[in-house]
Amino acid sequence: MASATIERPKPERRWFGGRQGAQRRFVAAVLSPALAYMAVFLLLPVAWALLLAFFDFSPRRTGSPFLGLGLDNPFVGVEHFRRMFDFSSTAPLEVRQFHTALKVTLLFAFIVVPLNLAITLPLAAMIESVRGRWKVLYRTVFFLPVLTSAVSVAIIWGFVLHPQRGLLNGVISRVTGRFTATAWTTDPDLMFLGVPIALFAIIVAYLWQDIGYNLVIFIAALQAIPDSVKDAARVDGATAWQTFRYITLPLLKPTILLASVLTMISAFQVFDLFQVMTNGGPDDQTRALSLDIYESAFRYQRMGWAAAVSVVLFLLVFTISVVQSRFLRANWEY
Amino acid sequence: MATTIERRAEEAEARVAGREPRLPGERRHVLSRAALYTVLSILGVIAAVPFVWMILASFKSGSELRQIPPTFWPQDPTLDNYTTILNDPELPLALIYRNSLFVAVTVVVATLFTSSLLGYVFAKYEFRGRQPLFWFVLATMMIPAQVTMIPAYLILVQLGLLNNLWGLVLPAFVDAFGIFLMRQFMLSIPDDEISSARVDGASEWRIYRSIVLPQLKPALATLGMLTFMFHWNAYLWPLIVLTEQSKRTIPIIQTWYATQHTAQLNLVMAASVLMVIPVLIVFALSQRWVVRGLTMTGTK
Amino acid sequence: MKRPVMRWQAIGLTIVLFGSACTFGSQDSGGGGTAAPDEPVTLRLWTHRNKSFNTGLKDLAAEFKTANPNVTIELETFDYDSYIQTLQTALPAGTEADILQMFGTWTCSYADNLAPVPADVSTVEEAQATFFDAPIGGYICDDVLYGFPQEFNIEYGATLVNTTLAEAAGVDASAGWASWDEFKADAKAMTETRDDVITRAGYHFTAADGLVYTFFSLILQSGGQFLADDGTSFTIDTPEAREAFDLMMSMVDEGIIDPELFNDTANWVGDCYFEEACAMGLVGPWVVPEYATDFPEVADATSYVALPTLGDTPDFVADSGWGLTVSANSPAQNVAWEFIEFVTLDEENAAAWNAATGTLPAQRVNAEGAAQEELIAEYPHFEAWFPILQYGQYVGNLPDRDLLWYEIAYPHLLKALQGGESVDDALAAMESEANDTFR
């Protein structure tokens with residue numbers, strides 16, 4: 001069924017004929033400004049960031065006329081990247097913070113993405129199997145958090161998790177009958193399976209906010225599966241689970257691939273929740289790469305170093321996306 | 001058009017539903033249905049609680065919010081929080097709404113235009129380098145914001161566009177995700193109409209405007225809603241670009257306000273509710289299109 | 001959000017970019033301009049956003065205009081966070097205003113782009129005689145004077161005391177404390193717990209600023225130092241630092257405060273105190289007006305009481321204060337200095353600004369006599385601070401004060417108090433990381 005919609009248009013000879021010139025002009029008129037725009041707004045900054053990564057650049061200092069590089073902002077070669085491999089305990093603070101941030105971001109992404117898919121896929125199937133008005137209601141309820149800005153989400157969850165006045169500790173106190181004031185987001189000793197609880201708090205808030213998005217994508221994909229296919233399976237006596245496992249899931253493969261790659265890419269870049277909910281704390285346990293880069297670049301003005309870290313983030317995102325696509329590759333045709 | 005699609009979908013559902021009792025294993029089916037609704041409702045409540053709590057908290061007094069243990073339903077509902085923030089001279093809400101609306105609406109209009117046009121070209125025209133170019137557009141999605149934001153900031157400084165809303169708008173004119181979405185959607189539109197319009201002598205622009213664009217409605221609504229939401233809620237880049245209070249957009253003001261009034265969550269919550277309302281409206285208007293829009297794209 | 005965010009791209013056209021790149025940082029910062037007298041002059045003044053600060057400055061600018069009708073001062077305000085960012089990018093690029101409000105501690109890092117104070121306005125010695133050591137210290141870089149402070153920024157020396165809560169706990173804090181043991185006993189009496197969890201902390205000193213100022217001030221009080229005289233290295237691992245640590249640790253051990261529940265992110269001291277989740281709290285006097293409108297009852301019950309000392313004198317570390325400097329690029333520096341002289345050196349104007357903004361005076365004369373009485377009448381909570389102002393020691397021209405404070409000292413101090421790091425490790429780490437900032 002997928003091939004019916006993704007089929008490539010077959011150019012007919014007649015199409016081109018005398019109109020070929022007009023079409024060519026149209027394509028050129030649309031594409032050239034768009035490509036020029038992308039070159040200026042995307043490729044140029046990427047190239048500049050790459051260049052910055054090889055300089056000890058701070059906008060505070062006076063550099064040469066060319067992009068402010070040189071002079072007091074000297075060329076340092078691969079020094080930034082070399083220092084990233086200094087794993088000794090005497091490494092400079094920003095290097096150790098980078099190591100922490102790398103770990104936090106990887107942990108976050110590799111926990112969030114599978115959890116996200118593990119929640120959204122069954123949930124979408126469940127919602128899709130519900131009728132009419134109910135379906136719309138559930139869909140809306142689960143999509144509401146998506147509409148809420150990450151800042152609101154952070155504030156709301158900050159309150160839910162507040163040690164003395166938070167809802168969570170309130171419920172625990174009531175259930176256990178003992179006043180509990182667990183500092184979920186600020187106690188550095190709270191760990192679960194070696195992962196800081198504060199990081200889990202952000203993961204929960206992020207999942208809460210984010211699942212609605214993949215949910216809609218999966219519901220859309222499920223709706224595109226013709227009822228006749230499922231009906232046929234049901235008539236053949238397949239259970240709901242069997243239908244899901246052997247019919248729905250394989251048909252959803254391209255969507256799962258797309259959703260997992262997009263979720264992964266965005267998980268690596270989450271900034272607002274980290275900044276507003278914990279601002280990296282406690283003890284840098286939630287200092288994500290995005291926050292690390294922002295702090296280095298805009299709070300402490302070490303833009304050269306920050307650019308080098310951002311290049312690492314880029315390489316990471318790129319590599320993981322490619323591996324993911326290979327790993328999950330289905331008949332995904334363009 | 002939406003209504004017909006919707007009706008057709010509901011009819012289909014009704015048809016399936018009507019046939020259900022005749023299927024084998026009826027009782028087990030009813031039980032599992034009940035379980036399904038229960039599970040969904042429980043999860044729905046969990047998903048809704050923080051959101052509902054935000055709304056409820058905005059009607060509580062400051063002292064009630066500081067109560068230990070906390071309350072869920074307002075004991076003594078009040079509108080004071082809203083009157084306070086609406087009259088706070090430090091919080092020029094009208095101005096900030098205008099800033100956010102300007103950014104979100106401008107970007108939505110620009111993105112819908114560029115995405116539909118480029119999506120159309122990538123879907124319906126044959127030209128040399130189409131495939132690599134499309135892959136290039138897709139690949140740009142992988143460039144993290146953190147990579148471009150440092151040079152982008154330095155460029156803004158040089159252009160004197162710091163503290164200017166155009167600094168948010170200009171870089172958002174072309175959206176790779178939008179192009180992708182539009183192209184996928186476009187693939188499901190048959191070519192016949194386009195070729196017959198050509199035979200009738202319509203210009204390429206005219207075909208785009210009067211044949212392609214009307215058929216894109218669900219996709220345009222979907223992309224429009226997502227883009228609006230994204231820019232309405234955008235945080236990092238506005239945080240860097242907008243340094244003057246009067247130029248800032250809603251999420252930045254929201255954090256600023258929250259840090260100014262950490263001790264008054266009642267006010268912060270009222271502000272949060274006011275800030276989410278426009279997104280809710282846009283969502284309500286486009287909601288029925290979104291799933292259809294996504295269904296017909298190649299995201300399946 | 002799910003949309004991969006490729007929109008935070010650069011702005012700008014290639015042409016503009018490469019055209020403007022030529023001006024990048026190539027500003028000549030030497031040209032000290034002078035405007036002819038009586039010629040109409042408009043001076044831009046950059047300041048951080050703070051309602052009373054800005055109104056105070058506007059009033060003085062209006063007054064200045066009546067005396068000098070040809071001069072117009074235009075205020076441009078920025079939010080605190082973005083003000084730092086703006087200064088850091090504007091100064092090297094040469095796009096800053098004529099007069100720049102500076103926090104003293106920042107001044108020296110911008111000295112290259114600032115104009116030194118002309119000798120006929122004031123010399124270093126004259127300035128040191130006029131202003132308290134701590135506030136003026138920030139404006140002197142390598143024996144060159146770059147501006148004048150308007151206020152004395154102070155974070156350590158006295159603590160907020162909620163007298164209602166004190167009374168309820170049978171504590172009379174009005175007379176102060178003769179020793180830390182007395183202080184701790186009272187703080188303990190005001191602490192409340194439920195099921196062994198602190199619900200009201202006796203004394204909150206574990207916010208970022210509170211903790212760092214406490215630590216460095218206690219080092220000074222026990223006769224130590226942390227910054228070498230030439231200002232190029234730190235020695236933090238000292239017996240005096242250990243003494244300071246012991247005192248702080250004893251307050252945690254005795255259950256006056258729980259640094260896991262009360263720190264910079266959880267129950268920040270201002271919130272905690274005014275929400276009455278803390279009975280006493282360490283934060284500068286600027287905090288009271290900020291909360292007074294929302295928590296009038298607590299504000300009324302608030303008094304500042306001087307803290308006990310570790311040695312003989314209440315020495316403390318201070319962070320300079322807000323003041324005014326002049327851009328080296330300004331074409332009318334002479335007029336700018338006239339205005340700054342009018343605002344900061346004129347005793348009455350300086351005192352009027354302190355009264356309008358609720359800040360402690362930077363000028364020595366304004367901390368005594370009528371000016372002092374006037375300030376106390378309006379801000380009773382200032383009273384405890386006046387006697388100790390003279391003991392303030394300027395923190396020193398650090399390479400990056402925020403980095404030392406918030407990324408190095410605070411995290412290690414807190415971690416050690418929480419028990420996540422030994423005192424030895426914390427001191428050693430702080431010392432080496434602090435010295436790294438000189439790189």
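This is a predicted model: local features need pLDDT of at least 70, side-chain atom pairs count only at pLDDT 80 or more; totals for chains, interfaces and linings use all residues.
Which residues of S3(C) are buried on one side, and which on the other?

**Stop 1: a covered strand in chain C**

Select residues 99-103 of chain C, which form strand S3. On one side you will find C:Ile99, C:Gln101 and C:Phe103, on the other C:Leu100 and C:Met102, and all are buried, so both faces of S3(C) are covered. With five of the five residues buried, the strand is largely enclosed by the rest of the structure.

Strand S1 of chain C, residues 41-48, pairs with S3(C) in the parallel sense over two bridges. Strand S14 of chain C, residues 322-326, pairs with S3(C) in the antiparallel sense, over five bridges. A handy landmark is C:Ile99: it stands opposite C:Leu45, and it also stands opposite C:Val326 in S14(C).

**Stop 2: where chain C touches chain A**

Stay with chain C and bring up chain A. Here 39 residues of chain C are in contact with 40 residues of chain A. To see the chain C side, select helix H1 (14-21), helix H3 (80-93), strand S10 (197-204), helix H17 (401-418) and helix H18 (423-436), each of which supplies at least two residues. H17(C) gives the largest share, six residues.

**Stop 3: a buried helix in chain A**

Next, select residues 150-160 of chain A, helix H7. How many of its 11 residues are buried? The count is 11 of the 11, so H7(A) is largely enclosed by the rest of the structure. Among these buried residues are A:Trp157, A:Gly158 and A:Phe159.

**Stop 4: where chain B touches chain A**

Show chain B alongside chain A. In this pairing, 76 residues of chain B are in contact with 88 residues of chain A. Helix H15 of chain B, residues 265-295, makes the largest contribution to the chain B side, with 12 residues. By class, that side has 53 nonpolar, 14 polar and nine charged residues.

For a close-up across the two chains, select helix H3 of chain A (residues 20-52) together with helix H5 of chain B (residues 93-124). H3(A) and H5(B) pack at an angle of about 125°, with their axes 10 Å apart, and are therefore oblique to each other. Their crossing is left-handed. From H3(A) come A:Val27, A:Val30, A:Leu31 and A:Ala34, meeting B:Thr114, B:Leu117, B:Leu118 and B:Val121 of H5(B). Seven residues of this contact are nonpolar, one is polar and none is charged.

**Stop 5: H5(B) again, with a partner in its own chain**

On the H5(B) side, the contact residues include B:Thr111, B:Ser115, B:Leu118 and B:Phe122, while H9(B) brings others, including B:Gly178, B:Met182 and B:Arg183. The residues of this contact divide into nine nonpolar, five polar and two charged.

Technical notes
Residues are numbered from 1 along each chain as its sequence is written. Chains are lettered from A and ligands numbered from 1 in the order in which they are written. Axes are lines fitted to C-alpha atoms, for helices over the stretch in contact, and angles run from 0 to 180 degrees between N-to-C directions. Helices (H or I, at least four residues) and strands (E, at least two) are DSSP runs, numbered from the N terminus. Two residues are in contact if their C-beta atoms, placed from the backbone, lie within 7 Å. Ala, Val, Leu, Ile, Met, Phe, Trp, Tyr, Cys and Pro count as nonpolar, Asp, Glu, Lys and Arg as charged, and the others, Gly among them, as polar. Angles under 35 degrees count as roughly parallel, over 145 as roughly antiparallel, 65 to 115 as roughly perpendicular and the rest as oblique. A crossing is left-handed if the near helix is turned anticlockwise from the far one by less than a right angle, and right-handed if clockwise. A residue is buried if 20 or more other C-beta atoms lie within 10 Å of its own, exposed if 12 or fewer, and partly exposed in between; C-beta atoms are placed from the backbone. Two strands pair if DSSP finds at least two bridges between them.
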